[in-house]
Amino acid sequence: MNSDVIITVKDLVKTYNGHTAVDGVSFEIKRGEILGLLGPNGAGKSTIISILCCLLEPTRGRVLIDGFDIHDDSTQIKKVIGVVPQEISLYPTLTARENLVFYGRIYGLSGRALKTRVETLLDMVGLTERGNDLLEGFSGGMKRRINIAAALLHEPRILFLDEPSTGVDPQSRRRIYDTIQDLNRRGMTVLLTTHQMEDAEKLCHRIAIMDKGKMIALDTLGGLLKMVGESDMIHIAAPEILPGPVEAIQNLPIVQKVSLDRGNMTIQLVRGRESLAGIIELLISSGTRVESIRITEPDLETLFLHLTGTKLRG
Ligand SMILES: Nc1ncnc2c1ncn2[C@@H]1O[C@H](COP(=O)(O)OP(=O)(O)OP(=O)(O)O)[C@@H](O)[C@H]1O
Ligand SMILES: [Mg+2]
């Protein structure tokens with residue numbers, strides 16, 4: 001096995017009563033990498049995480065985690081992985097500190113070592129001040145941050161996060177991003193699932209796109225966006241668009257296509273942002289009254305549409 005690779009998944013299949021939730025998925029995660037599984041509801045993301053965490057038996061396929069096989073060495077694997085499940089698994093009537101102490105004891109920690117670890121983790125997720133408050137009074141984002149802390153008590157080398165930003169306010173989301181990036185800088189390998197493009201774009205070194213149980217693409221953000229091509233779109237609304245400026249824009253070397261639909265002009269071009277000023281100037285100098293301008297660049301949503309013909313957000 002290549003020592004740069006910490007997780008190997010080969011031909012993974014999971015069927016639930018005849019329904020295939022994971023359909024022949026293979027991928028590798030490199031040591032120190034943040035890999036994101038991006039896909040819509042029901043794509044099979046949580047099923048993959050559950051199998052990798054040794055919580056669910058696969059129907060077929062092979063998974064190696066840090067050299068251990070999920071079939072034979074689940075006890076060893078559980079020592080090196082931390083898991084933040086999609087559903088919050090904390091006790092509402094205990095305080096944040098008490099919850100962490102409870103989970104720490106499960107991992108065999110006690111005494112000063114446990115106390116120090118709990119304080120370090122409360123600080124890491126930015127909730128030291130709220131440590132003595134009951135969980136039931138916490139926001140979704142704060143609960144998620146405590147759930148992340150709970151997964152780190154035994155100092156795992158690999159962290160699995162299932163939908164870390166679902167139901168999370170923007171402030172907690174930023175804090176969660178910071179925590180994940182900070183852990184990763186200190187060597188943590190991370191596998192997360194999400195159906196939010198922002199998580200994938202901002203956090204992940206590589207992104208795997210999932211749909212209907214299959215992994216349909218896996219690459220860096222840059223690599224994935226190349227699959228949709230390099231074109232940007234400038235959308236211009238104006239009450240009257242004359243043939244003169246349209247022709248002038250059409251003749252610009254960076255412009256690939258101009259389409260007109262009544263008062264709307266769409267320009268397909270490369271490096272739209274850089275050329276925007278020139279195009280506006282051309283329109284204004286020809287007397288066109290521009291009402292609005294919008295620029296769209298290729299993103300993961302465009303890619304998903306390109307690959308599957310359906311939208312990522314249902
Ligand atoms: N315990 C189960 N029994 C039967 N079917 C299941 C079970 N768990 C998941 N499934 C089905 O497997 C498919 C994949 O589910 P999974 O939860 O892995 O998707 P997901 O990508 O995590 O979706 P979400 O974004 O909604 O969390 C779905 O069709 C789901 O209905
Ligand atoms: Mg899920």
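The model is predicted, with pLDDT of at least 70 needed for local features and 80 or more for side-chain atom pairs, while totals for chains, interfaces and linings use all residues. I number residues from 1 along each chain as its sequence is written, letter chains from A and number ligands from 1 in the order written, and take side-chain values over heavy atoms, without hydrogens and water.

I located H235 in strand 11 (residues 231-237). Strands (E, at least two residues) and helices (H or I, at least four) are DSSP runs numbered from the N terminus. I also noted a polar contact of 3.1 Å between the side chains of H235 and T296; the term denotes a pair of N or O atoms within 3.5 Å, one able to donate a hydrogen and the other to accept it within protein, and residues adjacent in sequence count only if both atoms are side-chain atoms.

I recorded the division into domain 1 (5-226) and domain 2 (230-297), bounds that come from an automatic or database domain assignment. Their centres, taken over C-alpha atoms, lie 45 Å apart.

I then examined helix 3 (residues 96-106) against helix 5 (residues 140-151): the angle is about 25° and the axes are 9 Å apart. Axes are lines fitted to C-alpha atoms, for helices over the stretch in contact, and angles run from 0 to 180 degrees between N-to-C directions. Helix 3 is therefore roughly parallel to helix 5 (under 35 degrees; over 145 is roughly antiparallel, 65 to 115 roughly perpendicular, the rest oblique). A96, L100 and Y103 of helix 3 meet I146, A149 and A150 of helix 5.

For helix 3 and helix 4 (residues 111-124), I noted an angle of about 130° and axes 10 Å apart. The two are therefore oblique to each other. Residues in this contact include A96 and L100 of helix 3 and L114 and V118 of helix 4.

Notes:
Contact means heavy atoms within 4.5 Å.
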